[in-house]
Amino acid sequence: MFSFLSKDQTTGEVAERQLDEANIPAHVAIIMDGNGRWAQQRHLPRIAGHKQGMNTVKTVAKAASHLGVKVLTLYAFSTENWKRPTTEVNYLMKLPVDFFGTFVPDLIKNNIRVKVMGYTEDLPDATQKAVRDAIAATKDCTGMVLNFALNYGGRAEIVTAVQRLAQQVQAGTLDPTVIDEALLSQNLMTGDLGDLQDPDLLIRTSGEERLSNFMLWQVAYSEFVFMAQHWPDFDQTTLEEAIYQYQQRHRRFGGLTMA
Ligand code: FPP
């Protein structure tokens, strides 16, 4: 057990809370929302919110790793985000270059390994290179996996997995009757995470309560925590608060016994 000071999102009241170190969610996934609103409230351009959001990623990655989280998946760019104005898309594409360009030594120091899931082949060359270099530089890190969803879409991911299995059936190398949930899971972009592929806790910031095409298959039994803070205001305490809420839940996975 260790304590942290939690601030109520509506009343602002501060209370001391206890986190159970033995019940830290192994896989935490976050829909980082509210960068634009954070900037708007400060009369700043939207990209200023994304820049601050990138700094939050650094803080939260280190905090999650120190708390004992094994996989932290962050929704950085969806397959639908291309619909945004070109200047904003270009800025978002540059963020991984800035992020990995400055943060890889810190990631290595914290034993954090970078993974990326998404259709990275459609990203600009410089973004692809930044991602490839970060994955290579951290490949021997054995601690937390920092998994960026970049040009990722949950439905597209399932379609791609189904196509791959269908091709194997067509080639005569796969018997369709052996296709089960485990095999489909293995063929998703989280397949390489083994037992850790499904998030235990899904957090969305900024008060919105929807999935926005994020990890549709993998969140079947995840606990959802929605937080009022905009992503740039998220920090170690907000993460601890979300984990505290997770620890008050009773996971049953469709059964009757309390887990
Ligand atoms: C949603 O806020 C946020 C995004 C679409 C981008 C998220 C990206 C980051 C937080 C930076 C990622 C950093 C790296 C290293 C890749 P929004 O723009 O939809 O906010 P709004 O709903 O208030 O407009």
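Predicted model: local features only at pLDDT ≥ 70, side-chain atom pairs only at ≥ 80, totals over all residues.
Student: Where is Lys58 found?

Tutor: Lys58 is in helix α2, which covers residues 46–67.

Student: Is it buried or exposed, and what is the nearest side chain of opposite charge?

Tutor: Lys58 is buried and has no salt bridge. The nearest side chain of opposite charge is Asp106, 7.3 Å away. A salt bridge needs the nitrogen within 4 Å of a carboxyl oxygen.

Student: What does Lys58 touch?

Tutor: Leaving out residues up to four places away in sequence, Lys58 touches Phe99, Thr102 and Phe103.

Student: Back to Asp106. Which side chain does it meet in a salt bridge?

Tutor: Lys62, at 3.0 Å from N to O. That pair links distant parts of the chain, with Lys62 in helix α2 and Asp106 in helix α3, 44 residues apart.

Student: How accessible are those two?

Tutor: Both sit in the partly exposed class: Lys62 has a relative accessible area of 27%, and Asp106 comes to 23%.

Student: And Glu88, which partner does it have?

Tutor: Glu88 meets Arg46 in a salt bridge, 2.8 Å from N to O. Glu88 belongs to helix α3 and Arg46 to helix α2, so this pair ties together parts 42 residues apart in sequence. Glu88 is buried at 6% relative accessibility, whereas Arg46 is partly exposed at 38%.

Student: How many salt bridges does the count come to?

Tutor: The count is 14. One of them joins Asp33 and Arg37 at 3.3 Å, N to O. Asp33 is buried at 17% relative accessibility, while Arg37 is partly exposed at 28%.

Student: Changing topic. How much space lies in the largest pocket?

Tutor: About 680 Å³. Its lining has 31 residues, and those nearest the centre are Met32, Asn35, Tyr75, Ala76 and Asn81. The elements giving two or more residues to that lining are α1 (35–41), α2, β4 (71–78), α3 (86–109) and β6 (145–152).

Student: How do the lining residues divide?

Tutor: For the largest pocket, 15 are nonpolar, eight polar and eight charged.

Student: What about the second largest pocket?

Tutor: The second largest pocket holds about 260 Å³ of space. It is lined by 15 residues, with Asp198, Trp217, Gln218, Ala220 and Tyr221 closest to its centre. By class, that lining has seven nonpolar, three polar and five charged residues.

Terms used: Residues numbered from 1 in each chain as written. Heavy atoms only, no water. Helix = DSSP H or I, 4+ residues; strand = E, 2+ residues; numbered from the N terminus. Buried < 20%, exposed > 50% of the residue type's maximum accessible area, 1.4 Å probe, protein only. Lys, Arg positive; Asp, Glu negative; His and termini not counted. Contact = heavy atoms within 4.5 Å. 1 Å grid on protein atoms, 1.4 Å probe; cavity = no way out; pocket = protein on both sides within 12 Å on 5 of 7 lines; lining within 4 Å. Points joined across faces, edges and corners; volume = space filled by probe spheres on them. Nonpolar A, V, L, I, M, F, W, Y, C, P; charged D, E, K, R; others polar.
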